[in-house]
Each structure stands twice: as structure tokens, then as C-alpha cells.
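Open the model in your viewer and follow the stops below. Each one says what to select and what is there.

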Amino acid sequence: MLIDNHNRVINYVRLAVTDRCNLRCNYCMPEEGIAFSDSKSLLSIDEMKRLCNILVGQGVDKIRITGGEPFVRKDLMKLLAYITKLEGLKEVSITTNATLIGPHIEQLEDFGINSINVSLDAITPETFHRITRRDQFELVRENLMRLIESEIAVRINFIVLEGQNEEDIYEMLEFQRKHDVRVRFLEEMPFNGGSRNFRNLNWNHRKILEHIRGRYPDFEKLPAPLTSTSVNYKIPGHTGSFGIIPSFSRTFCGSCNRLRVTATGDLITCLYGKPVANLRTTLRSGLHDSFVEEALVRAVGSRAKDGFEAQEQFGPIFGSSMTSIGG
Ligand code: SAM
Ligand code: SF4
């Protein structure tokens, strides 16, 4: 079992399968994209399978597949077919922009994927285009509706962006009134690859909640696991629910149970810190699995207490993009 130097059990890994993406969300990367990794430095599907196997052997029971856009990776379904059969892995989930998922929905259900987070920060095609710089709103909406009708649990991740989509907050709440989906409102974080300035956060978790209370004064807090990053609520009579993720305020670090592995094998022990090791080198060195296990144990043995300490330790990181970190 992986236990960090603050006595937190690490049982959750977010694995990015690519840093490439077919959208250009302005809070994530610049219009021209970033310097994407060349294909040789990406972990192969076989390397990811081996890594997941090792991680599960170390007590990881939840893996989230992310990116870049995971469905840009052509051989993604081979990885999913494999990891959804791993004994000991209780939960496999995916974060996606839902543009390319359409042809795979039935197979994802067959694999038993537990949940899918759809990142959608707009309720109209115009706002969607302004934020993502692409014209794919109708496709995303259609795929989202198909996912909601499927066996898979669906959540929508909506980043509240000052001056860009505040007017869609109430519309999103109307959406979860009618549909069985949890809409999670996220604070914006400063990982946009230099796409735009990030000074301070106006729409923090408190302001988001107060704004919601302005239209929906009655809601009740839902119970959540200690390790949850979102605080969740239910409005009486609504089919779905909503949550708020203080991703910039970082109020949840004390119970953090996650590690991140980027598409190039970098191991990140805190979202706000730099990579602490590269697992690709170890995976390709011809050495036994125990060397990868040792690298993992070493990394979790010196984790920052929280995102503020990680940020201090590793210096300014505001030039990086979420497409390489994985979210
Ligand atoms: N392309 C997929 C998607 O958009 O769902 C997966 C990768 S994306 C980097 C993972 C998550 O990070 C998404 O939910 C996205 O909204 C979130 N994200 C990206 N940039 C962010 C930022 N600057 N602040 C907060 N969340 C961000
Ligand atoms: Fe692509 Fe996701 Fe980043 Fe948007 S948030 S540009 S969909 S990786």
C-alpha cells in the first residue's frame, strides 16, 4: 500500500494518455497549442498496461483516464479493455471533452466504465465556441445526452470563467433539474500554458455558492467521502445534483489520495508541484517491476503537505498547461 509522509493512503491515480487535444479551451492552452510531446516520448499502451498493473499491486483501486483529450489516442480502447479487467481495480473513470466519444459509448458500457466526467463550460454554441475556439457544441451535447441515457454515471465539469460564462451557471442548474447528472462548478486554475493572464480569482467557491443561492435558496448538502474534492448539494425536486470544487482555493488537500502520471510518464505528487520522477525511463530500462515500485514509494515518501507548499517548493509554475498535467 502507498502511504505518504503525511500518513495519507494513496489509492487513486490520474493517468494522462496523451497531451494532444482537438479543442483549444482558453483556460487550458493557447490558440496555437503548446509544444506537444513527440510520439516516442509518450508511454506506449503496453507500458501503460504494465504501469497500471504495478499500481494496482501497490493498492491503487481507482484510475481516471485523462489527457489532453483521451479519445485522440487511437489505441485507448485497448488500454481500457485491459485495465477494466484488472483484479483489485474497483473504479475506472474518464475525463473527456466528449467530442470523439460517440462511436465508443456502447463498448465503454460493456467494459463497465464507472463514471465519465464531461468538461462543458457553456450551454450555448456561441459561448462554447468563444471558450474552446472550436465549433463542436452540438456534437458534445448529443454525446452528453447519449451518455446520460447509458449505464455510466455522468458528471459535468464546468469551470466558472470571469466574463465568459457566468450567465450559464443558472442554465446548467436548470439542466441538472431535468437530467440525472451532477454538475460540478470548478474554480479556474492558473495552468493555461500562457493562454491568458491569471491574476487573482474572483469566482471562488464561496462566490459560486452565494450566486447559486441567489436563484435557488434551498439546497441540502450531500454526504461525500473524506477524499472528495467537491462539496455536493441537492436542490429539492431536482433530478440531478450540483457540486463545487475549490480547485484554486485548495481546501481539500489534507485528505488528498491521488497521484498523477502524465502521458510521458512524469510522476506528479501534487497538481501544484513539478514532476518528481519520470517512470518512462524506469519502465524502459529493462529492470524488474520492483524498480518502478521503489520509485513510487520514494515519491510518495516526500509529498508536499498541500498545494501551497508544493507551489512554494517548486517555484512559479504558471506557464504550464493542463493538457500536459491531465487536470
Ligand atoms: N480533454 C479532457 C477534458 O477537457 O475533459 C481531459 C483533459 S482536461 C486537461 C482535464 C480537466 O481539467 C477538464 O475537466 C478541464 O476542464 C480541466 N481544466 C483544464 N484547464 C483548467 C484550468 N486552467 N483550471 C481548472 N480546470 C482546468
Ligand atoms: Fe483540450 Fe481538455 Fe484542455 Fe479543453 S480542457 S483544451 S478539451 S485538454
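Start with contacts (heavy atoms within 4.5 Å) across the whole chain. Among those between residues at least 6 apart in sequence, 74% join residues at least 24 apart.

This is a predicted model, where local features need pLDDT of at least 70, side-chain atom pairs count only at pLDDT 80 or more, and totals for chains, interfaces and linings use all residues. Residues are numbered from 1 along each chain as written, chains are lettered from A and ligands numbered from 1 in written order, and side-chain values use heavy atoms, without hydrogens and water.

Switch to cartoon view. The chain has 11 helices and 14 strands (DSSP runs numbered from the N terminus: helices are H or I, at least four residues; strands are E, at least two).

Now show the C-alpha atoms. They fill a box of roughly 60 × 45 × 40 Å along the principal axes.

Colour by burial next. Of 327 residues, 57% count as buried (under 20% relative accessible area, with a 1.4 Å probe and protein chains only).

Select Val 154. Where does Val 154 lie? Val 154 is in strand β7, residues 153-159. Its relative accessibility is 6%, so Val 154 counts as buried.

Which residues does Val 154 touch, leaving out those up to four places away in sequence? Select Ile 116, Val 118, Leu 144, Leu 147, Ile 148, Val 181 and Arg 182.

Last, select Cys 270. From Val 154 to Cys 270 is 116 residues in sequence and 25 Å in space, C-alpha to C-alpha.

Key: Buried means under 20% relative accessible area, exposed over 50%, partly exposed in between (1.4 Å probe, protein chains only).
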